[in-house]
Amino acid sequence: MFAYVVKRLISGVLVVTLVSMAIFLLFWYGPSSPAQPICDRETSNRCTPARLDTYERTLGYDNPVYVEYGKFVEGIFVGRTITIASSEYECGAPCLGVSFRTKQPVKEELVSRIPATFSIAIGGAFLYLLFGVPIGVAAAKRRGSVADKALVSSFLFISSIPYYLFALLTWLYLTITFEVPLFSDTGYFPITQDGPFKWFSGMFLAWVALGIFGCTQYTRFTRGAMVEALSEDYIRTAKAKGLPTRTIVYKHGLRAALVPVVTIFGIDFGTLLAGTIFTERIFEIQGIGWWALEAVQGRDLPVVQATALFSAVILICSNLLVDVVYSVLDPRVRLS
Amino acid sequence: MKRNKPLALVAGAALLTLAACGGGSSDDGDNGGGTDRTFGDQEGGTKDAERQGPAAEIEGAAAGGTITVYLPGDPGPDTLDPTAGWSVTGNSIQQALTSRSLTQYVRDEEGQPVLVPDLATDLGTANEDYTEWTFTIRDDATWEDGQPVTAEEVAFGICRSLDSDAFPSGAGTEYSKTYFEGAADYEGPYTGKDPKCENWSGISVEGQDITISMATPFPDMDYWGAFMAMGPAPLGNASKPPNYGTKPLSNGPYKVDSYKPNEELVLVKNDQWSADSDPGRHQYADEFVFKFNQDQAKVDEIMLSDNSDSQTAVSTGLGSDKYNDANSQLGDRLVQQTSQCVATLTPDYTKITDVNVRKALAYAYPYEDVWIAGGQVPGVTRIPANSVMPPGMAGKKDFQVDGEQITYDPEKSKELLAEAGYGDEPYPITMVFYEVDPLAVAAQDQITKGFEAGGFSVKAIPVQDSPYNVWLDPDNKVNKKLNLRGVSWCSDWPAGSTMLPPLLKGGAVYNTALFDEASVNDEMDNIATLPLEEQADAWGALDEKIMTEYFPIIPTAFLNDLFVFGSKIGNPTGDGSIGAPNYKDLYVMQ
Amino acid sequence: MSADTAGPETLGSLSTEPEHQDPNSQQAKEIAGKSPMRIALGRLAKDKIAVVCAVVVLFFIICAVFAGPISAAFGVSLETPLASERVDGLNQGLPKPEMGPPNGPFTMEHPMGVAPRTGEDNLAYWLYGCRVSLLIAATATLFASVVGVIVGLLAGFLGGAVDKMLSFFIDMFLTIPFLLAALTIAPIINDRFNLSDNYGTIQKTALIVVLSIFGWMGTARLIRGEVLALREREFVQAARVMGMPTRRILFKELLPNLAAPIIISISLMLPTFVALEAGLAFLGIGVTDGVSWGQTILKATNLTFFREYPQYLWQPLLGIVALVLSLNLLGDAVRDALDPKTRR
């Protein structure tokens, strides 16, 4: 197990390295000069070739690409000082660069964006389980009934609609057309500043949209796993012993059925944490996804780089974590 | 002066393409049962060197309250360093509230801006040929920490504006560098490693008097003095960039409480500011909160709802789709203000050499259609233009190149092309458009449609960042292919010298037409040496001469801004000098 | 677009793996004698939902293929009109009453009305938008499948170091956040080719390339798993013993047996790509010339247009929903038909 985790970690680091290299190269060899965006911004579009030259020189874009990549990596571990034209910016470890737009260290801004995205992820994921698991269990208990069939097909229907359209319609109709009071002002409001109610009501619609959409999948998984679990021998034994149905279903059946659900949940939670661009864009929640979208539009290269790396790291970690947890929950799985 | 938002890249790009209809300003607002409104036009050129503090009280004004300003689609300034600012957003806020300079504007009863003294006791005195200006710094102005603002600090602030590497976006790169003596060779206090500014000889301080020597005659120094770059900066490391830009020391009625770039700027009362020392500013509200990068639609909803949030709020923009509602609902609280900007198309003077072809382009441009597709309201946010000097600028002549306003007329365009000898085949036009903004794309579709109907063939090249990148870079491979460019330009002060030379002098950076006529260049140099009272008319005459003789630039529209004020904001007016709400005179009704 | 699951933010996964088909199952033996494809088709024909969905998909395909003639029949085109002829600039840029909704009655000249601000005909843009959508999705599916099948075949059959390396790449691509990557890459590709006369085509090609680059992993995994199972089967062993070249084994022996998983992965990819194309256009990247359902939706979500002219939003939206929905349900039915074990 330990060896496995180490192996996975090594391959994770390798992936992150490759991803960061790919992003680095992409910008380096992208068509316009990598210094062009900051030069335009700093000079209010008075970026003459001579000035562009200054920016390229101070940002190190005249060095070979591997030298600069080395500096970037060095910055992550020990921090560095970044020079832009004649201004110097201190960037402590782990240094992900300085935003071209705000001149703040990217790391600090990243940290300040995490609560919004985390709020989405925690609420959305909670609703996945809250809706998904009980409905799935109920459907499995009544397998084959009309209710079960109706449920399965209606959930299949919902999950077949592109998510962003579902979210967009939810927002347009509930917030704009019907002006439902609870949903009137979507967005991220920090608990510490605006209080828990404002935070809750700002997030609620996004959670509901995510929850309703995402729970269909959990229902399917739970139902499938429950159906399988309930046909196992030990359940038959339990039935033969005369245990009450409730005990059989919840204590014996559900416990076994939850294992695959937990794994999916872990990965989904990671995906949500890694940035929910559509959710944030539609419900105007200024988290990491929103930030990334803004950065791409504003050509804020250090931020784009940081968001992509952040997402990759989160995904790799959540995958690893899930595999480990899976092996603990289900003794049949042996990691190698 | 240009706006500094990335969407202002959009604005910049769109401005090229978005123009107004043939309606004219007389019929604007006359729809939907709304109020007939007149523009906050400006006559320009009025000065009052005698004005002393305190500024006259606004009738009915009350103290207290918080004013929230929404800036839709505008990320605001990247830095608050007064020397680095050259944007409508940043300068309008800081010059009105936090950062004083040599001179300033106040709004008179008719809504016209008047140039009055600020940190100087008057508007400065120049020698005969405007090569030396002396300003006397008043002794009663203070910083937010209570220390007096000294003449040395003002001189140091002015010296900073010469550091074009440390402040590449600053207006000093254009004016200080061009006009001040020895400025061209001086790298500035930071880049030149001259922290006390000892190596620049162009400025001298004697007691409270500051004397600036000019390399070339600079009759507009008093206007230039109204820029916050011409204000004080604490000596030494206290004002070192970039750190100073996050929390500059205030000397106006408000000081920076918190500042998150691209998000929010909170200003609170500066209790060290004394009204007696300032002829132009007030300190009514307790607090100003500027919210940048707001969503236009959301702000429109808030402002039109008149809920408790919006009653003490101001918005610096209004979506064109909301104009009808706003016009009928808001009355005086919707303010239209000329922004002193012109949008132009610039045919390459070296490639399109026949004036008839340039005029044909002007007739083939579907003004109203471009404008609607680009999300503007004809006759309201865009009005037809006859020349590059915006309406109301001192000396501006009311002439029309062809006797009447040029409007979309493809037949006339074809005739002109035939006259020029291009009647048989479509005349090829190559231009760029900003692809990222759907509105700019839609506007380009209209332009292409109009040009093709007028006898041209159009190759429109999409670009992913500001078209200015292409237009301003002589080595750009796309730029070399273009024969039609564009530029939107706003005046920095109400004089022709901030419009004509930057756009039409041979070799000027923003002369994207590459227009270069020796006689015009000489005339521009000559005007600067004329007696001050003759200059305005001379610029106006030159404007007319250029347009009628050469027609090197196609003015497509003059730009107007719309501001929305909450129902509890007192004195809802615009600032005619800069195209922003009149922050100096706002108050919250109690 | 980065993990193994179909979380909503991933727009449906590119890599959901249905359970493996067990060729030795009871059902499989009962229907021995018929080709698996025939059996599956027979099952599909009996599935009412599948038939309805197939008809809907067929409708969209006809719209896409014959966008030109249909537009001509209605007398509409993509041509940009002068905006002032069709929309009222002083009335929020909404269409003039004689152009149909929202301010006027239905008119045959513009059966679906015209767009606000530009006055472009909605029907023509809808038809051509359908074409763009299906074209991009189908091509991207084709490329992604080819890459996925080849990688899967090689990884599964060759095993060892090759398998390890390819699996590593599969995992790596799965951890790259797709939306971010697409957001970053698309403008760069566009920038490089903006001088070209075929810019529109190149832009779509770029989109197809981006979709394919991040879409092949699911197929590759599926095929790899399938090949790992097939590799040990007698007929493959026999071919090896006979000294058949690897390439022939791969393409003559293995590939025909992979029809089912390939169809399954295609049925998963098609709707995902349709949704993605529109989703990217909605975020402001991808197709930018206006002929895309996603772009129309972006324009129509302007709150004033949404309030005054909701039809403008609903037309492309229903197009996407109906197409994606029926592709998904059809795909589901196809998977069921191919693999009855997972049937509900």
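How far apart do the end C-alpha atoms of residues 132-156 of chain C lie? Select that span: the answer is 35 Å, and the span is 100% helix and 0% strand. Helices (H or I, at least four residues) and strands (E, at least two) are DSSP runs, numbered from the N terminus.

Before moving on, note that this is a predicted model, in which local features need pLDDT of at least 70, side-chain atom pairs count only at pLDDT 80 or more, and totals for chains, interfaces and linings use all residues. Residues are numbered from 1 along each chain as its sequence is written, chains are lettered from A in the order in which they are written, and side-chain values use heavy atoms, with hydrogens and water left out.

**Chain C, the annotated spans**

An unreviewed UniProt entry lists residues 49-74, 132-156, 168-189, 201-223, 254-276 and 312-334 of chain C as "transmembrane region". Such positions are given in the numbering used here, feature names are shortened, and annotations may be inferred rather than shown by experiment. Now pick residues 254-276 of chain C: the end C-alpha atoms lie 32 Å apart, and the span is 83% helix and 0% strand.

**Chain C, helix 7**

Next, select residues 160-175 of chain C, which form helix 7. Its 16 residues reach 23 Å from first C-alpha to last, close to the 22 Å expected at 1.5 Å a residue (1.5 Å times one less than the number of residues).

**Chain A against chain C**

Chain A puts 55 residues and chain C 47 residues into their contact (heavy atoms within 4.5 Å). The buried area is about 4,500 Å², with carbon and sulfur atoms giving 77%; this is the accessible area (1.4 Å probe) that two parts lose on being put together, summed over both.

**Chain A against chain B**

Finally, turn to chain B. Here the contact takes 26 residues from chain A and 32 residues from chain B, and the buried area is about 2,500 Å², of which carbon and sulfur atoms give 44%. Two salt bridges cross this interface (a side-chain nitrogen of Lys or Arg within 4 Å of a carboxyl oxygen of Asp or Glu). Zoom in on B:Lys298 and A:Glu284, a salt bridge whose closest N and O atoms are 2.9 Å apart.
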